[in-house]
Amino acid sequence: AALLSIMVACQKSADTGAVPVVRLVKPCDPQKGDMLLTEVSMGSTVAIIGEGLSAVCKIWFNDRQASLNPTMITATSIIVSVPSTMPKVFTNTMILETSTGKRCEYPISVIIPAPSVDRVECLYAPAGSDLRIHGKYFFAKENGLVDVTFPGNISAQVKSVTETLITCVVPEGAD
């Protein structure tokens with residue numbers, strides 16, 4: 001459905017042939033409405049302010065394309081959520097594109113949030129058993145793994161990592 005709405009938005013946009021212009025990016029939080037952003041967090045919702053924005057049908061933050069809602073796009077503003085997936089290439093650039101290929105680049109950095117644990121399966125898992133940790137932003141390091149440390153500074157053997165799940169072995173002596 002989201003893909004269909006993006007395709008419809010691109011086909012129905014009133015593309016005048018003009019290049020979109022971004023003047024500033026602001027948070028959507030009313031308490032922070034006067035702030036101008038030079039960096040945004042993954043998963044945050046921002047307002048892009050400029051001109052010629054009604055023809056925009058694609059937006060990228062680094063190399064990740066954002067989902068657009070056509071009802072949140074006007075000639076002077078776009079409300080969009082920053083993608084929550086880790087970029088493969090960091091360009092520190094937001095790119096807006098129209099259905100006719102006109103592009104606008106705007107410098108902005110995407111902040112990678114700290115890992116966040118939502119829940120742990122089997123909180124009282126015995127030593128040697130697998131423990132599954134659910135959450136967000138579990139981005140693997142260069143070796144493909146993350147570090148999991150139990151109280152007492154006891155490191156666990158990590159078996160697998162995705163952006164939302166870590167499976168590790170409970171170490172001896174872990175509480």
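Which side chain meets Arg-103 in a salt bridge? The partner is Glu-97, at 3.3 Å from N to O. A salt bridge here is a side-chain nitrogen of Lys or Arg within 4 Å of a carboxyl oxygen of Asp or Glu. Arg-103 is partly exposed, with a relative accessible area of 43%. Glu-97 is buried, at 14%. The cut-offs are under 20% relative accessible area for buried, over 50% for exposed, and partly exposed in between (1.4 Å probe, protein chains only).

This is a predicted model, in which local features need pLDDT of at least 70, side-chain atom pairs count only at pLDDT 80 or more, and totals for chains, interfaces and linings use all residues. Residues are numbered from 1 along each chain as its sequence is written, and side-chain values use heavy atoms, with hydrogens and water left out.

Side chains of opposite charge can pair when their charged atoms come close. The salt-bridge rule gives a count of 5. One of them joins Arg-23 and Glu-51, at 2.8 Å from N to O. Arg-23 lies in strand β1 (residues 21–27) and Glu-51 in strand β3 (residues 45–51), so this pair ties together parts 28 residues apart in sequence. Strands (E, at least two residues) are DSSP runs, numbered from the N terminus. Arg-23 is exposed, at 51% relative accessibility. Glu-51 is partly exposed, at 35%.

Asp-130 and Lys-159 form another salt bridge, their closest N and O atoms 3.1 Å apart. This pair also links distant parts of the chain: Asp-130 sits in strand β11 (residues 130–136), Lys-159 in strand β14 (residues 157–161), 29 residues apart. Both ends are partly exposed: Asp-130 has a relative accessible area of 40%, and Lys-159 has 46%.

Now the interior. In soluble globular proteins, nonpolar side chains tend to be buried together. A nonpolar core is a set of buried Ala, Val, Leu, Ile, Met, Phe, Trp, Tyr and Cys residues joined through side-chain atoms within 4.5 Å. The largest such core has 25 residues. Val-25, Ile-48, Ile-59, Phe-61, Ile-78, Met-94 and Leu-96 have the most contacts inside it. At least two residues each come from β1, β3, β4 (56–61), β6 (77–81), β7 (93–98) and β8 (103–107). Strand β4 gives the most, with 3 residues.

Take Ile-59. Its contacts (heavy atoms within 4.5 Å) include Ile-48, Ile-78, Met-94 and Leu-96, not counting residues up to four places away in sequence. Arg-64 and Gln-65 are also among the residues that Ile-59 touches. A second, separate core has 12 residues, including Phe-138, Val-146, Phe-150 and Val-170.

Terms used
Helices (H or I, at least four residues) and strands (E, at least two) are DSSP runs, numbered from the N terminus.
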